[in-house]
Protein chains: 2
Amino acid sequence: MKSEKVLIIGGVAAGTKAAAKAKRENPDLKIVVLTKDRHVSYAGCGLPYYLGDVIKEEKELLVKMPEDFLIDYDIEVLTEMEALKIMPEEKTVAVKSLRTGDVQTFAYDKLVLAAGASPFVPPAPGKELGNIVTVRTVTEATAIKNLINTRGIKDAVVVGGGMIGLEVAENLTLKGINTTVVELAPHVLPPYDADVALYVQKYLAEKGIRVLTGTAVKAFEDNGQGDVGVVITEAGPLKADLAVLAVGVRPNVDLAKECGIALGATGAIAVNELMETNIKDIYAVGDCAENTNLITGRPVWYPMGSTANKTGRVAAINLAGTGHKDTMKGVLGTSILKLFELNMGKTGLSERDARALGYDVETVLVTTQDKAHYYPGSHLIVTKLIVDRKTHLVLGGQVYGEGVVDKPVDILVTAISFGATVEQLTKLDLAYAPPFSMAMSSTIVAAHVMINKLQGRFTGVSPLDLKEKMEAGAVLVDVRSDEEFFLRSIPGSINIPLRMLSERAGELDRSKEIIINCKLGLRSYMASLKLKRLGFEKVSILDGGLTAYPFETE
Amino acid sequence: MKSEKVLIIGGVAAGTKAAAKAKRENPDLKIVVLTKDRHVSYAGCGLPYYLGDVIKEEKELLVKMPEDFLIDYDIEVLTEMEALKIMPEEKTVAVKSLRTGDVQTFAYDKLVLAAGASPFVPPAPGKELGNIVTVRTVTEATAIKNLINTRGIKDAVVVGGGMIGLEVAENLTLKGINTTVVELAPHVLPPYDADVALYVQKYLAEKGIRVLTGTAVKAFEDNGQGDVGVVITEAGPLKADLAVLAVGVRPNVDLAKECGIALGATGAIAVNELMETNIKDIYAVGDCAENTNLITGRPVWYPMGSTANKTGRVAAINLAGTGHKDTMKGVLGTSILKLFELNMGKTGLSERDARALGYDVETVLVTTQDKAHYYPGSHLIVTKLIVDRKTHLVLGGQVYGEGVVDKPVDILVTAISFGATVEQLTKLDLAYAPPFSMAMSSTIVAAHVMINKLQGRFTGVSPLDLKEKMEAGAVLVDVRSDEEFFLRSIPGSINIPLRMLSERAGELDRSKEIIINCKLGLRSYMASLKLKRLGFEKVSILDGGLTAYPFETE
């Protein structure tokens, strides 16, 4: 096979994956990986856990050392090397050594851009002060960890309530630091729907994390020693010995743009299914490259470690010259995170995205057990399904709770990838034994509820709309037992246990909208069928029941 | 809607599900459920855990009481009632009360047979002795539990090494009982492949459970007080204060057969996709009904609680007279179980089944982490993939280990349901964060290894064939470090660490087959590529590495 020179710019997930796979495809390739950092092939997604000592040692995050690549794979990895300029006509790259300042020219037959993404730093005054940090590299994370362990940080402000921001906030809290999250958007976790994100916010508040949403950071103030002391926000000043900037990342595209590589609509590097850019023999992979949404076919930019590994591998196969080809058709925007004991994941379109794209959307929020209710360690989870009313295609899902959520999310990922309808979900022969699942798994139950809703068997009310409906005169009827009602209920609700409903239905005003709630949803459904048989016309059910209710209860 | 009479024979999963769903579909139906047992709607799959006190109380297994059905659903449940004869022409069923002996006739418009399955009792002499039990009902399980708690059982023999047999053996062991499993087949868990089942047997042996395979039970001997004392097997006598018969179940079809309802090739009741039998207005659901294998289209009989719930629901929708229809296309033979800390699950065709059906089969055994290797609580799992070489369709999978296996099994269930190829598996946008998965999930890694194998990049050797190959002269080269090799290795293997392989390759005889092994498989793959570049022609890799090796190591 041809002994071509492959130059890879970037040494984390996508870059090192591309290097290792290309070498296995074609051992005759001469492969050089360049990285600005001191480390390569580190576990970027593990950094928040390293802060919180869930992962104790820096070395656990370092998957491979630069010298390992040479010994094990015959791949040359050069650290602290910054690519300055790509010259596609000559097929060369000018590279500066950050140690010596020397500039060298590297020739390539194939070039792979795996330049990653960089944290966006909001342009607030004082952002240069000490102890204002980002968490993108092992070097940064180790610096923060040293700061926490040596300086006795008491108060931290995390700017940004996305996944990384919340994971960092959790881990700072685990270290005993009083932590506030400031998010500009109306809720944390912007890719998730509001009903899910507000539930997370309620959970974080219970864990002692203060969350300010819809709030901009205006400035950082000096503590008198050159370090941050106070973060000034629209909601007032916040004391802070440490400010973590986690407002998001931007693709590193300057190098590409300057040499004429086309960017896509999202601002990341445009690539085809082979991971090729518009310039011959130049590939882009990982966080600097654009993705395609599998459902909509539209360009999106989801910088995820899992996608980085896949795209690195696809480029490697295509550039290796073996005749094999591989393609990357797209992604679903899957994500998952763990905050204390709460797990939450999503895939596909959110309700908000689906509506914005013009789909005729139906949603359900369905609360179930994650395994047999009688098996020890069983927990509740909530499944939000988003379905196209016309085609019944599953567009997306969000699953959250203290139980297992990664499994139902991955079932939905797989189903959506193959264009599943909600009816097809109900017949999946999913694995059942009491330690693992209910006999009817959470995904199947959620699909059943969706079908009932699509068939008009019940009408749902989103918890987000409940307050407004009640202010307009709707009556919230809780059909749980009086003991359950006594322990916890939604303000303003009245209690008529399901078994009393037929005889006590006369207490309800038929002219008003009746909204029914219970713990999970099944009793509400039974109650709504009962009331309809008794001639009530305006009956609906609180989606997700009390368990998924994202506001204060009493 | 029409106020028809629905009679349901059988009161566990399928029967009660059919009753409750039919009533929700059409509240005008008059529904009667008949059951021989004293209990209805119990958690049959939880019984083994109840024996081991994982589930403490009988009442936790009882999902609903007979009177709950009347109060909550307006469904009449009659217990201890045995259906004697169906008269399809008159649309009546003769039913005997087991309490009074009276026989009554029940009329129906629609009849649902949910008669379940019964444990098969092997015809060995002495099988009528005391303390020889089956575990199919709550009544039986409670009797065994009382026996254990009051009689001080020391030695138990479980006859049958299927899922229930092994779950019972685990739970008896947890109660401190010295337990032996006797299985007639060549290995436990007959639906699984031998390489997987032998791994389970090795694990059970480590947990102190003796397993005798390929061994028939010849007789049960009296302890002098009318109870079992010794179980006589082909492998000798076994002391036993308790013998649990778990050799499998048979569908309860006598009632159906006598009235002319057709049975299928498997001996269970033949049904169409609507769950209708050959006689008008008679449905069969749950364990007494036949299933269709989704991959082969052939009749199969997989009596599973999850399928029982699905088929009960499908029949309910179709008989309710609302105009809605639902269909059950088939199942994949999915199963899962937990034995101590070991989890194992399967779906689709086994390698053995696929070969018997004439597929051109390729398999891999791939060992990976279940989550990020650096995240606390990460464990190894082994994924066996079974693929059709011609079409690259995924035919089946078996996943086992102390890590999470239900998720990868359900990913495979969903993928196979939609006709996934192994290439499609590699691009699934599965949820990744360190607490939940590796960046490339186990399923994706297994699919990559399969593609490498299909492309001829390496040749695998099944651990089952290793001994024979070595006896024929093959050399087993372990390429782990010398420290790893020192701690544990396969008898007869020699150690050449991967990093020394190029310089020490001269020690290997090129005329012999070289089989390479390591802990997981990646180093073996690297080593095989290296040896091939050095001109070695007969190089293969031990599938699954040392981790999946199902025999003794040293």
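In chain B, strand β1 (residues 5–9), helix α1 (residues 13–25) and strand β2 (residues 30–34) form a right-handed β-α-β unit. Right-handed here means that, with the strands pointing away from the viewer, the path from the first strand over the helix to the second runs clockwise. Helices (H or I, at least four residues) and strands (E, at least two) are DSSP runs, numbered from the N terminus. The model is predicted: local features need pLDDT of at least 70 and side-chain atom pairs pLDDT 80 or more, while totals for chains, interfaces and linings use all residues. Residues are numbered from 1 along each chain as its sequence is written, chains are lettered from A in the order in which they are written, and side-chain values use heavy atoms, without hydrogens and water.

β1(B) and β2(B) pair in the parallel sense over five bridges; pairing requires at least two DSSP bridges between two strands. B:K30 in β2(B) is the bridge partner of B:K5. β2(B) also pairs in the parallel sense with strand β3 (residues 76–78) of chain B, over three bridges, and here B:V32 stands opposite B:E76. Four of the five residues of β2(B) are buried, so this strand is largely enclosed by the rest of the structure. Buried means under 20% relative accessible area (1.4 Å probe, protein chains only).

Chain B also meets chain A. The contact (heavy atoms within 4.5 Å) takes 81 residues from chain A and 81 residues from chain B. Across the interface there are 14 salt bridges, each a side-chain nitrogen of Lys or Arg within 4 Å of a carboxyl oxygen of Asp or Glu. A:R533 forms a salt bridge with B:D28, with the closest N and O atoms 2.9 Å apart.

Conventions: Buried < 20%, exposed > 50% of the residue type's maximum accessible area, 1.4 Å probe, protein only.
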